[in-house]
Amino acid sequence: VWRGKTVYAKIIDGWIVVSQSPELARLYVAKPGLSERLKKRLGERGFAVLCDGEIGVWAGPQALADIRNAGQKVAAQMQDAAPTSNAKDISKSDSTTNVNAQSPALAASDRVSKLMQGLTDGVFSVDVDPLGVLIRSYAVLDPASELGKSARGGAQLGADPVKDPAKNIGNEIGGATMNRLPRGRFVVAVAADMEGLGGTQAFIDLAAQLPGGEQIPAWIEQNKNIASAIQFAIYPSKLGVVGGGILNDAAMWIATADSAKAKSVMEQWILSLSGEIDGQKREATWEKDRVLKSGMTTDAYAIKDIALPKNAQPVRKSNPMERIARSLIYGPKGQNGFVKTFPDGLYVTFSQRPDVMEKSANCATSANALESDAVLTALRGWMMPKPDALAFVGVGSLLNVVRQAANAFPMGIMEIPDAPPDLEPIAFGLSVNGGHIETSTMVPTNVIGVVVTAYADRKDAQQEDQQEDQQEDQQE
């Protein structure tokens with residue numbers, strides 16, 4: 001019995017056939033040709049993902065349809081179970097209003113389910129190695145579906161279209177890189193080759209199919225071809241989470257052929273944020289050509305929210321959780337930063353600390369970048385050859401940030417486990433090509449060890465608490 005259902009098993013030549021149908025399990029006979037059929041459905045790359053790990057799972061159209069239907073049923077059950085009112089005497093009109101209020105959530109679930117109908121085949125595999133656990137997935141999409149159209153991919157940045165117009169196979173240049181992010185300990189680092197992912201238009205097309213995605217700002221559509229690649233990293237702040245915010249040492253690089261236009265678009269967007277919203281006055285400023293102590297020239301921006309009094313009371317009371325979130329992200333000074341252009345792109349920082357911008361700018365003209373980090377280079381060996389997007393999570397630094405936030409704003413969350421700051425990061429890679437999406441996630445063994453140790457410590461603490469409670473009950 002598995003998950004409340006009876007399943008039937010049969011051993012054939014060292015393999016185990018498992019099915020919910022007794023007839024299928026009993027009559028199943030191994031026949032040649034399954035590999036060829038899967039290769040045809042998945043392609044050589046998808047078939048390799050399926051077979052290369054210790055565990056490989058393939059889901060075809062019927063299995064995926066069953067998963068979608070099960071998800072919709074769960075969503076409907078959760079919606080039905082949601083409380084509608086605490087009043088005992090609910091009128092008919094109130095009930096009607098509640099049903100109508102719930103319908104958008106159900107409609108959103110239906111839209112997501114409809115979008116996922118474009119997925120025709122899915123592969124999931126797990127490869128266990130002494131160095132870590134590699135989790136891979138491969139999705140085959142119907143090219144005529146909305147999901148398939150948004151996952152068409154494109155020629156990678158720096159690719160040679162003569163060698164390979166799709167994914168630049170055989171060329172040493174191409175794919176997501178971190179050559180403009182300063183080398184050093186980080187919380188998270190992300191890079192995306194927008195051209196390889198299919199361009200900004202692919203994201204706009206996909207967002208239009210998702211709930212709320214229709215409201216894409218006009219300036220994004222009007223300038224969708226500006227950015228060819230994006231690199232972003234959050235580094236541990238010298239001031240800590242409370243003193244400077246999570247983004248205090250963060251930096252973003254936007255690769256573009258027209259950096260002056262990209263800066264102009266960013267300036268217009270930030271200045272457009274000024275105005276009054278729900279009793280809050282938002283004041284956005286942009287200062288051009290500020291000269292830093294080092295002599296470097298850069299633009300600076302700042303966004304401030306000011307409560308507007310009305311009869312000595314603010315029109316809109318600020319949400320305490322909103323204040324906490326803003327403080328954690330931006331620090332006590334709020335949203336501000338520098339913007340500096342280069343011939344092939346521009347840097348954006350999220351604080352007006354000169355050393356953050358100077359370190360980023362120096363990275364643009366030297367080899368001291370995350371791309372040359374030996375640990376990241378080794379982890380990239382577990383990814384696909386030239387991913388369109390890359391992400392690394394510095395687990396040690398991340399846990400330290402979470403611990404600082406928890407100590408500053410205690411909310412009764414579980415104890416944060418200890419981890420060395422130089423712990424290997426978790427690596428993630430993504431590739432999009434012609435209606436096929438591949439992902440790779442590498443979790444190093446030392447990271448798994450931290451999780452296992454934290455779980456064991458938590459269990460031991462729970463057992464000690466239970467024993468103490470039992471002793472107190474016995475004494476009473």
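Is D52 buried, partly exposed or exposed? D52 is partly exposed, at a relative accessible area of 46%. The legends below return to this residue and its partners. The model shown is predicted.

**Figure 1**
The protein has 476 residues, and 37% of them count as buried. Its accessible surface comes to about 27700 Å². Carbon and sulfur atoms account for 57% of that surface. Consider contacts between residues at least 6 apart in sequence: 65% of these join residues at least 24 apart. The salt bridges number 17.

**Figure 2. R136 and D52 meet in a salt bridge.**
The distance from N to O is 3.8 Å. R136 sits in strand β5 (residues 132–141) and D52 in helix α2 (residues 34–52), so the pair ties together parts 84 residues apart in sequence. R136 counts as buried, at 12% relative accessibility. D52, in contrast, is partly exposed, at 46%. Both residues belong to a network of salt bridges that also links R45 and E438. Side chains of opposite charge can pair when their charged atoms come close.

**Figure 3. D344 forms a salt bridge with R180.**
The closest N and O atoms are 2.6 Å apart. Here the pair links distant parts of the chain, 164 residues apart. D344 lies in the loop between β14 and β15. R180 lies in the loop between α5 (146–150) and β6 (188–193). D344 is partly exposed, with a relative accessible area of 35%. R180 counts as buried, at 13% relative accessibility.

**Figure 4. The side chains of D305 and R326 meet in a salt bridge.**
The N to O distance is 3.3 Å. D305 is in strand β11 and R326 in helix α10 (residues 320–330). The two residues are 21 apart, and the pair links distant parts of the chain. D305 counts as partly exposed, at 33% relative accessibility. R326 also counts as partly exposed, at 29%.

**Figure 5. Helix α9 packs its buried residues against several elements.**
Helix α9 covers residues 259–271, 13 residues in total. From first C-alpha to last, α9 reaches 18 Å, close to the 18 Å expected at 1.5 Å a residue. Its buried residues are S259, A262, V265, M266, E267 and I270. They pack against α7 and against the strands β8 (251–256), β10 (280–291), β11 (297–307), β14 (335–342) and β15 (345–349).

**Figure 6. N223 lies in the loop between α7 (218–222) and β7 (227–234).**
N223 is buried because its relative accessible area, 18%, falls under 20%. Leave aside its neighbours within four places in sequence, and N223 is in contact with K261 and V265. V265 is one of the buried residues of α9.

**Figure 7. Strands β1 and β2 form a hairpin with two residues between them.**
β1 spans residues 8–12 and β2 spans residues 15–19. They pair in the antiparallel sense over five bridges. K10 stands opposite V17 in β2. D13, in the turn, has a positive phi of about 50°. K5 lies in the segment before β1. K5 is partly exposed, with a relative accessible area of 49%. The C-alpha atoms of K5 and Q20 are separated by 7.7 Å, although these residues are 15 apart along the chain.

**Figure 8. A nonpolar surface patch is formed by I11, I16 and V18.**
Together the three residues have about 340 Å² of accessible area. I11 is found in strand β1. I11 is exposed because its relative accessible area, 67%, is over 50%. In a regular strand the side chains alternate between the two faces of the sheet.

**Figure 9. Strand β17 pairs with β16 and with β18.**
Five bridges join β16 (residues 389–393) to β17 (residues 426–433), and the two run antiparallel. F392 stands opposite A427 in β17. Seven bridges join β17 to β18 (residues 436–444), again antiparallel. Here N433 stands opposite H436 in β18. β17 and β18 form a hairpin with two residues between the strands. In this hairpin, G434 takes a positive phi near 55°.

Notes
Residues are numbered from 1 along each chain as its sequence is written. This is a predicted model: local features need pLDDT of at least 70, side-chain atom pairs count only at pLDDT 80 or more; totals for chains, interfaces and linings use all residues. Side-chain values use heavy atoms; hydrogens and water are left out. Helices (H or I, at least four residues) and strands (E, at least two) are DSSP runs, numbered from the N terminus. Buried means under 20% relative accessible area, exposed over 50%, partly exposed in between (1.4 Å probe, protein chains only). Contact means heavy atoms within 4.5 Å. The expected span of a helix is 1.5 Å times one less than its number of residues. Two strands pair if DSSP finds at least two bridges between them. Patches are made of residues with over 30% relative accessible area and no salt bridge: like charges are joined within 9 Å, nonpolar side chains (Val, Leu, Ile, Met, Phe, Trp, Tyr) within 5 Å. Accessible areas come from the Shrake-Rupley method with a 1.4 Å probe; for residues, only the protein chains shown count as cover. A salt bridge is a side-chain nitrogen of Lys or Arg within 4 Å of a carboxyl oxygen of Asp or Glu.
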